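Biologist: I'm new to reading structures like this one. Could you take me through it step by step?

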Amino acid sequence: MMLEPLLILELALLGLGTGFLAGLLGIGGGMIMVPFLTIILSGRGVSPDLAVKMAIATSMATIIFTSLSSVRAHHKRGAVRWDIVKLLAPGIVIGAAIASLGVFALLKGSWLALVFAGFVGFSATQMLLNKKPKPSRTLPGPVGTLSAGTVIGFLSGLVGAGGGFVSVPFMTWCNVAIHTAVATSAALGFPIALANALGYLVAGQGVAELPPGSIGYIYLPALAVIASASVLMAPLGVKAAHALPIPTLKRVFASVLYLLAAYMAYKGLSI
């Protein structure tokens with residue numbers, strides 16, 4: 001696959017958009033990247049089934065860089081709950097390893113697309129309903145937090161997202177303020193992305209029909225262009241996140257997720 005000027009432009013625009021939304025919503029950008037990367041790869045001759053897998057893997061690899069830029073900006077504002085990051089991170093690594101090294105390689109791209117759509121749609125609904133948690137509810141103990149982290153890491157590994165679509169609703173359900181949840185989710189994006197990207201790299205070794213420039217399921221040219229652009233925009237998204245009122249931020253989060261869930265459901269049913 002040639003990296004022609006039009007492809008570079010498409011990837012750069014995608015990186016700018018996802019970087020902004022990563023900072024704004026704490027979703028790592030994967031919710032945006034996966035559908036659009038699937039379109040870009042499919043349009044350049046990659047089989048639909050393989051395109052979905054490569055989009056998920058490449059998206060996750062870019063989150064390694066986007067999350068660092070985003071969390072740095074959030075940390076400067078004192079918004080990251082590092083105590084929560086430390087509690088959830090071990091489970092996240094476990095869940096990510098199970099997903100990216102095992103289940104991901106076994107599932108067809110159509111099933112991965114449908115899983116993506118289902119969980120993203122569920123997360124959007126939970127956010128839009130805006131159910132108030134019981135005032136007494138807090139984060140679970142060590143075992144519960146480890147289990148929650150494992151689920152977040154596993155689901156992120158299947159759909160190529162930074163985990164914000166699960167971790168933000170989970171933390172707000174536990175009475176963590178939405179702005180703090182978004183910032184903390186951005187910090188969680190790094191261990192999620194690193195663990196899963198390594199898994200995709202290993203799991204994709206020896207897979208036939210991968211385009212030139214791929215390492216495992218990760219398409220390196222797209223990784224380089226998107227990561228460079230997204231890192232520039234993430235701090236602007238962070239600034240917007242802290243300026244928006246909480247109800248508006250939740251509606252934006254839910255609306256974006258619904259649109260992407262609908263597209264990936266369509267894609268999964270058509271493969």
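**Two loop residues**

Biologist: Where is the place of Asn175?

Modeller: Helices here are DSSP runs of H or I with at least four residues, strands are runs of E with at least two, and both are numbered from the N terminus. With that in hand, Asn175 falls in the loop between helix 7 (164-173) and helix 8.

Biologist: Before we go on, what kind of model is this?

Modeller: Residues are numbered from 1 along each chain as its sequence is written, and side-chain values use heavy atoms, with hydrogens and water left out. Local features need pLDDT of at least 70, side-chain atom pairs count only at pLDDT 80 or more, and totals for chains, interfaces and linings use all residues, since the model is predicted.

Biologist: Is Asn175 buried or exposed, or something in between?

Modeller: Buried means under 20% relative accessible area, exposed means over 50%, and partly exposed is in between (1.4 Å probe, protein chains only). Asn175 has a relative accessible area of 38%, so it is partly exposed.

Biologist: What is the phi of Asn175?

Modeller: Most residues other than glycine have a negative phi. Asn175 isn't a glycine, yet its phi is positive, near 70 degrees.

Biologist: And what about the phi of Glu209?

Modeller: Glu209 is found in the loop between helix 8 and strand 1 (214-215). At 64% relative accessibility, Glu209 counts as exposed. Its phi is also a positive value in a residue other than glycine, near 75 degrees.

Biologist: Which residues does Glu209 touch?

Modeller: Contact means heavy atoms within 4.5 Å. Leaving out residues up to four places away in sequence, Glu209 touches Ser47 and Leu50.

**The whole fold**

Biologist: How many helices and strands does the protein have?

Modeller: Along the sequence, the pattern reads α-α-α-α-α-α-α-α-β-β-α-α. Counting up gives ten helices and two strands.

Biologist: What share of the residues is buried?

Modeller: The protein has 271 residues. The buried share of them is 55%.

Biologist: Which residues have the most contacts inside the largest nonpolar core?

Modeller: A nonpolar core is a set of buried Ala, Val, Leu, Ile, Met, Phe, Trp, Tyr and Cys residues joined through side-chain atoms within 4.5 Å. The largest one has 79 residues, and those with the most contacts inside it are Leu11, Leu37 and Tyr200.

Biologist: How far is Leu11 from Ala222, going by C-alpha atoms?

Modeller: Leu11 belongs to helix 1 (residues 5-25), and it's buried because its relative accessible area is 1%. Ala222 is 211 residues away along the chain, but the C-alpha atoms are separated by 6.4 Å.

**Helix 3 and its partners**

Biologist: At roughly what angle do helix 3 and helix 8 cross?

Modeller: Axes are lines fitted to C-alpha atoms, over the stretch in contact for helices, and angles run from 0 to 180 degrees between N-to-C directions. The axes of helix 3 (residues 48-76) and helix 8 (residues 178-203) come within 7 Å, and they cross at roughly 150 degrees.

Biologist: Which residues does Ala187 touch?

Modeller: Ala187 lies in helix 8, and with a relative accessible area of 7% it is buried. Not counting residues up to four places away in sequence, Ala187 touches Val71, Val80, Trp82 and Val85.

Biologist: How do the axes of helix 3 and helix 9 cross, at roughly what angle?

Modeller: Helix 9 covers residues 220-243, and its axis comes within 8 Å of that of helix 3. The crossing angle is roughly 35 degrees.

Biologist: How do the residues of the contact of helix 3 with helix 9 divide?

Modeller: Ala, Val, Leu, Ile, Met, Phe, Trp, Tyr, Cys and Pro count as nonpolar, Asp, Glu, Lys and Arg as charged, and the others, Gly among them, as polar. The contact includes Phe65 and His74 of helix 3 and Ile226 and Pro235 of helix 9. By class, its residues are eleven nonpolar, eight polar and no charged.
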